[in-house]
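Have the viewer open as you read.

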4 protein chains.
Amino acid sequence: MTPTKENMKTICINLLAKRGVKISDITEIVFDLQKKYVPDLTMAVCEDAVDRVLSKREVHYAILTGVELDMLAEKKMLSEPLQSLIDSDNPLYGIDEILVLSICNVYGSIGLTNFGYVDKTKPGIIGVLDRMGKEDEHSCHTFMDDLIGAIAAAAASSVAHNSAK
Amino acid sequence: MTPTKENMKTICINLLAKRGVKISDITEIVFDLQKKYVPDLTMAVCEDAVDRVLSKREVHYAILTGVELDMLAEKKMLSEPLQSLIDSDNPLYGIDEILVLSICNVYGSIGLTNFGYVDKTKPGIIGVLDRMGKEDEHSCHTFMDDLIGAIAAAAASSVAHNSAK
Amino acid sequence: MTPTKENMKTICINLLAKRGVKISDITEIVFDLQKKYVPDLTMAVCEDAVDRVLSKREVHYAILTGVELDMLAEKKMLSEPLQSLIDSDNPLYGIDEILVLSICNVYGSIGLTNFGYVDKTKPGIIGVLDRMGKEDEHSCHTFMDDLIGAIAAAAASSVAHNSAK
Amino acid sequence: MTPTKENMKTICINLLAKRGVKISDITEIVFDLQKKYVPDLTMAVCEDAVDRVLSKREVHYAILTGVELDMLAEKKMLSEPLQSLIDSDNPLYGIDEILVLSICNVYGSIGLTNFGYVDKTKPGIIGVLDRMGKEDEHSCHTFMDDLIGAIAAAAASSVAHNSAK
């Protein structure tokens, strides 16, 4: 039996924490993405948006799958050549970007643009994860940095839609 | 070091065979999808199209990742609740459909429609894999049936584009 | 000044009606798509789901854009070769399928599969629109049939998600 | 009768030129996107990649459709509220980003990230078009800047794939 949607959310938030990411790390990226478009933006509004994204079933499933692949790669438990592709964060692998499309689209197509931007510029915790994955041979964050970027991008879209109401 | 693109293709074709799928199984689905649009369609044309799809890097990566998740689920090596979600082929999981989007799109957006159709109607080997995954508790084909459907759908698009030249 | 979200919904429902599609036509397709998965499914549940889909901003924008292109094609007001591509519903055109992706994804990736299926099988009003567009030289429904298929597919996904709660 | 694929390419290149964009404007963006990953990158390699992207059928169709909508908006020939949404480049409209997805994906999922990045940073001609569309009330480039960004992003992906061979 699979957990309820509410329990699944708790499982995912705990999993992100275990992999080094706090909700506030994501909220900060959302704030930075939207502050120039929404003059009176508050951190509380951004936190609510992150919470809404983390309540969605398709987001849970993407987190569970991506983090699992990162952890299996860290334990060298994947078959070759997949083990090397994920462990080395091969830039042509591309499955990490595909996996998180389901997250980006949760609040409309403007999430895609934000995702592409943070994936290139790697602000805040995304840059930390990316460097850790590349420098520490025991860490793999091939999926994790894209998951966080996509959650932040979807939350930024939600902020944009709500502030236009 | 990751294999060359040519070696990667061989690895993937062998992996499909190990999981019970021959190239000719896919070719048959392509032929059935396109025969009503291309009157003089031959199996050789469909086989060439499948070969083109199986030469693409993004297709290799999707195959390697999806088949790995199926095999790990069969060995009960995934963490819960992901293990149960994949092992039971939960209809809301949806990551299998997302993963194969990269394959569907290889020859344009008409691949998506073909994919949706075969994913619902489960012709030929796709139906065999789906039933095996659901009935045999030692088999998991949650990703495999979508991978095959997407390869067939992309190859059908390639046939459609070429026959319009 | 653009209309409020609530006014936009009314504008879109009226536009669908003007182009020959009633809400109940869409509800019927949703019911047929989901009845085998949800034993006690009612038309009221499907109607609510269609209403939720028709309340989304990205759905409004896709409807406004697609229907406009169909109507301009009917009036022969598009430039060549676009006029001929849309007017003849060229099977390789593919922009109609791309445009409605934003609708399909509104309730997760399982919407894509349903869309692909109805786009091939053309149940109910979708088949009527498709034939009218192809047979009557004064009618163009190149975008309309995909819009209706995508709205039905997204509503079916919403029904599936809710019945799993 | 629709033009051949080769004629369609010429039509599209001429259409881009008519709307103020030269091939070399796109090539420069590709070079800037890839120079840090490919040390010995030349402009000739980037120009070849742009040419490959501009040879694809799905790219032709996206260009024809997007430019048509921009030109109709300039002539105030669209129905309201679509006319205002496109003419004002409403940030929530999002259909421009959806339309060009078919271009971004032509060389795999890494095109999406590049597209999101250029869509936010608006380098070179993309910024010029964006400002012109917003400042000059007779110009509308709502679709054009996304089309150019997507062509550049897809060409950058092609360069990345080829340099990895």
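How many cavities of 30 Å³ or more does a search of the whole structure find? The search turns up twelve of them. Keep in mind that this is a predicted model.

**The largest cavity**
- The largest cavity holds about 320 Å³ of space.
- Its lining is made up of 25 residues, and the closest to the centre are L101(A), L101(B), L101(C), L101(D) and N105(D).
- Helix 7 (101–104) of chain B and helix 7 (101–104) of chain C each give at least two residues to that lining.
- Sorted by class, the lining has 13 nonpolar, ten polar and two charged residues.

**Where chain D meets chain A: area**
- On each side of this interface, 20 residues are in contact: 20 from chain D and 20 from chain A.
- The two chains bury about 1,800 Å² between them, with 71% of it on carbon and sulfur atoms.
- L92(D), T113(D) and K120(D) stand out here, as they supply 36% of the area that chain D buries against chain A, more than any other three residues.

**Where chain D meets chain A: contacts and make-up**
- On the chain D side, helix 6 (95–99), helix 8 (110–121) and helix 10 (144–163) are the elements that give two or more residues.
- Helix 8 of chain D has the largest share of that side, with nine residues.
- That side of chain D counts ten nonpolar, seven polar and three charged residues.

Note on methods:
Residues are numbered from 1 along each chain as its sequence is written. Chains are lettered from A and ligands numbered from 1 in the order in which they are written. This is a predicted model: local features need pLDDT of at least 70, side-chain atom pairs count only at pLDDT 80 or more; totals for chains, interfaces and linings use all residues. Side-chain values use heavy atoms; hydrogens and water are left out. Contact means heavy atoms within 4.5 Å. Buried area is the accessible area (1.4 Å probe) that two parts lose on being put together, summed over both. Helices (H or I, at least four residues) and strands (E, at least two) are DSSP runs, numbered from the N terminus. Ala, Val, Leu, Ile, Met, Phe, Trp, Tyr, Cys and Pro count as nonpolar, Asp, Glu, Lys and Arg as charged, and the others, Gly among them, as polar. On a 1 Å grid over the protein atoms alone, a cavity is a set of points where a 1.4 Å probe fits but cannot get out, and a pocket is an open set with protein on both sides within 12 Å along at least five of seven lines; lining residues have an atom within 4 Å of a point. Grid points are joined across faces, edges and corners, and a volume is the space filled by probe spheres set on the points.
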